[in-house]
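Trainee: Could you zoom in on a single part of this model for me, and then show me what else is worth looking at?

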Amino acid sequence: KYKLLVSEEGEIYIPNVGPLFVSGLSIVEATQKIKAKLAATIYRAINSGQTKVQVSLSKIRSIRVTVIGQANKPGTYTVSSLTTLYNLLYLCGGPNSKGSFRSIEIIRGNEVKRIADLYSFLVEGNQKNNILLQEGYVIRIPYYKIMVKLEGQVKRTGKYELLENETFNNLLEYSG
């Protein structure tokens with residue numbers, strides 16, 4: 001039984017086995033990686049099932065992330081290191097009435113690392129932009145650029161934000 005700490009570099013050190021990078025992995029992914037490493041070295045009985053591997057998480061560190069721009073509740077948030085972008089957007093109330101749902105910037109070290117489009121999640125359920133946040137991230141919600149109000153014989157009337165390259169067909173898709 002080992003009680004191992006994840007270093008600031010994202011590694012654990014397993015005695016008689018060596019270092020193993022686990023940062024950003026889910027518990028299931030980390031378990032598979034640890035199991036494979038152990039089975040390839042000193043614990044060959046893992047392959048036959050005579051020895052079992054169980055991984056659990058005991059302490060979760062906190063990180064600080066800042067939300068700026070057109071958020072309902074901008075500010076600095078202290079959250080778990082397992083917090084995702086969508087979790088944080090929920091905490092800050094999401095974009096306000098002037099904020100963009102389509103071009104949310106994830107900034108680290110004064111550089112935009114990613115731009116998230118919430119419509120891909122809200123319309124399609126796609127979570128590709130739901131990244132795990134890291135210490136020091138700044139989430140910037142800019143003003144929307146194009147807003148269209150849709151009324152009439154559609155399933156979802158309301159205001160929709162369009163990107164510059166989108167057409168009326170995109171608007172109909174969003175409105176159902």
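**The largest pocket and beyond**

Mentor: Helix H1 gives the largest pocket its biggest share of lining, four residues. Keep in mind that this is a predicted model, where local features need pLDDT of at least 70, side-chain atom pairs need 80 or more, and totals for chains, interfaces and linings use all residues. Residues count from 1 along each chain as its sequence is written, and side-chain values use heavy atoms, with hydrogens and water left out. The protein's average pLDDT (the predictor's confidence per residue, 0 to 100) is 91.

Back to the pocket (an open set of points on a 1 Å grid over the protein atoms alone, where a 1.4 Å probe fits, with protein on both sides within 12 Å along at least five of seven lines; lining residues have an atom within 4 Å of a point). Its volume, the space filled by probe spheres on the points, is about 1700 Å³. Of the 41 lining residues, Leu 4, Val 6, Ile 12, Val 22 and Leu 57 are closest to its centre.

Now look at the charges. Arg 102, Asp 117 and Glu 166 form a network of salt bridges (Lys or Arg side-chain nitrogen within 4 Å of an Asp or Glu carboxyl oxygen). Arg 102 meets Asp 117 at 2.8 Å, N to O, so parts 15 residues apart in sequence are tied together. Glu 166 also pairs with Arg 102 at 2.8 Å, so that pair ties together parts 64 residues apart in sequence.

Methods
Helix = DSSP H or I, 4+ residues; strand = E, 2+ residues; numbered from the N terminus.
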